[in-house]
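Morning, everyone. I'd like to walk you through one model today. Please have a look at it first.

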Amino acid sequence: MTDVADRIGNVTRQRYEQLVTQAKELIAQIARSQFALGDMALEIEPMRAMGGSMPNGTDDLFTVTESLQVFADDIGVERRTVEDWRYTANRWPEKRRKEGVSFTVHRILASVADEDERWAAVEDAPFNPRTGARQWTPDGAKRVVGQRVDRPVTVDEKVQGVADLTRHDEVAAQVATDLLKRPAVTEHVTSAEKVRVVTELTRDDTVAQQVTTDLLRRPAVARTAMRDNTTRMLANRAQLDNSAETRDRIRERTPAVRAIEHTIEYLDLGGSCHGFVATLGRLVPQLRGQEFTEDERETVRRQIGQLRAAAD
């Protein structure tokens, strides 16, 4: 029984190689036929300089488009196909046409403006990693002239393909949402890019408020951020600078500034409480059997009352 790895489609690899050889011969025949048809179209309507060279005021002369349309109709193809043949045949004189290279590849490489570069390009087939040989494919030719390939391979080509597919805002929004749900994707995004994305997404006040609330519920994040000198400077500036210009600049940041102030107060209070409890833990065992005056008891009660008020 033939192993699956030795089959391509429904045929054995040996039969496949035979079909490829026959197909290449047919492609070569097709290329010669297309070039021949292009040469015929050129004979009917040679390529002209910009603006054309047809004399004016002659009623019985066809325009280039009309002539090619008649030719296309008479042979049963689209006029655009005839124009394609004509253009490619003109860009590739007979002596410069590469045997064994498809007409399609010649048509793509026809966009190379400089003739010498064009002649050299067709002689330098790119390496095909699948076959391990240097050979032309339409995508290989498109890479030479900078056109978008049909089957992207490199990261840049894939990115360009995604960009083309997400030109519509609704499609782009859905794709972005789905990608942001993939941790393996987001971990490759730099911190600077993540900050930029978050900044853009939180321009809406409602979104910014929710994000800020969620972030401030993370003690480690809140403590680090609130201890930052830049953050404190912003809060202090909001309080102390009364100039109209500064107020205008920070007006839209006011909710965030207030959140910063409250969080700083909360962290300071938490730190104070922690210190208070730690001190009590050390002192209370030493006070057993100690007699307190009424003034001392009142002082302790007052301090506890202040601590409760601050916590509230």
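Let me start with a question: where is the place of Glu157? Glu157 sits in helix H7, residues 155–165. Helices here are DSSP runs of H or I with at least four residues, strands are runs of E with at least two, and both are numbered from the N terminus.

Two notes on the source. This is a predicted model, so local features need pLDDT of at least 70, side-chain atom pairs count only at pLDDT 80 or more, and totals for chains, interfaces and linings use all residues. Residues are numbered from 1 along each chain as its sequence is written, and side-chain values use heavy atoms, with hydrogens and water left out.

Back to Glu157. Glu157 is buried, at a relative accessible area of 17%. Buried means under 20% relative accessible area, exposed means over 50%, and partly exposed lies in between, with a 1.4 Å probe and protein chains only. Glu157 and Arg143 are 14 residues apart in sequence. In space they are 9.6 Å apart, C-alpha to C-alpha.

Next, salt bridges. How many does the structure hold? Nine salt bridges. The criterion is a side-chain nitrogen of Lys or Arg within 4 Å of a carboxyl oxygen of Asp or Glu. As background, side chains of opposite charge can pair when their charged atoms come close.

Take Glu99 and Arg32. Their side chains meet in a salt bridge at 2.7 Å, N to O. Glu99 lies in the loop between helix H3 (79–91) and H4, and Arg32 lies in helix H1 (residues 13–44), so this pair ties together parts that are 67 residues apart in sequence. Glu99 is exposed, with a relative accessible area of 57%. Arg32 is partly exposed, at 44%.

Glu45 and Arg48 make another salt bridge, at 2.7 Å, N to O. Buried or exposed, what is Glu45? Glu45 counts as buried, at 4% relative accessibility. Arg48 is partly exposed, with a relative accessible area of 29%.

Then Asp150 and Lys142. Their salt bridge has an N to O distance of 2.9 Å. Asp150 is exposed, at a relative accessible area of 56%. Lys142 is buried, at 13%. There is also a network: salt bridges that share partners join Arg79, Arg80 and Glu83.

Now the surface. Which residues gather in a patch of negative charge? Asp114, Glu115, Asp116 and Glu117. Patch residues have over 30% relative accessible area and no salt bridge; like charges are joined within 9 Å, and nonpolar side chains (Val, Leu, Ile, Met, Phe, Trp, Tyr) within 5 Å. Asp114 lies in the loop between helix H4 (103–109) and helix H5 (115–123). Asp114 is partly exposed, with a relative accessible area of 36%.

Stay with H5. Its buried residues are Arg118, Trp119, Ala121 and Val122. Why are they on the same side of H5? Because they cover an arc of only 160 degrees around the axis. That arc is taken from the directions from the helix axis to the C-beta atoms. On the other side of H5, Asp116, Glu117 and Glu123 are exposed.

Last stop, a nonpolar patch. Leu26, Ile27 and Ile30 form it on the surface, with about 260 Å² of accessible area together. Areas come from the Shrake-Rupley method with a 1.4 Å probe, and for residues only the protein chains shown count as cover. Ile27 is found in helix H1. Ile27 is partly exposed, at a relative accessible area of 42%.

Conventions
Lys, Arg positive; Asp, Glu negative; His and termini not counted. Charge placed at Lys NZ, Arg CZ, Asp CG, Glu CD.
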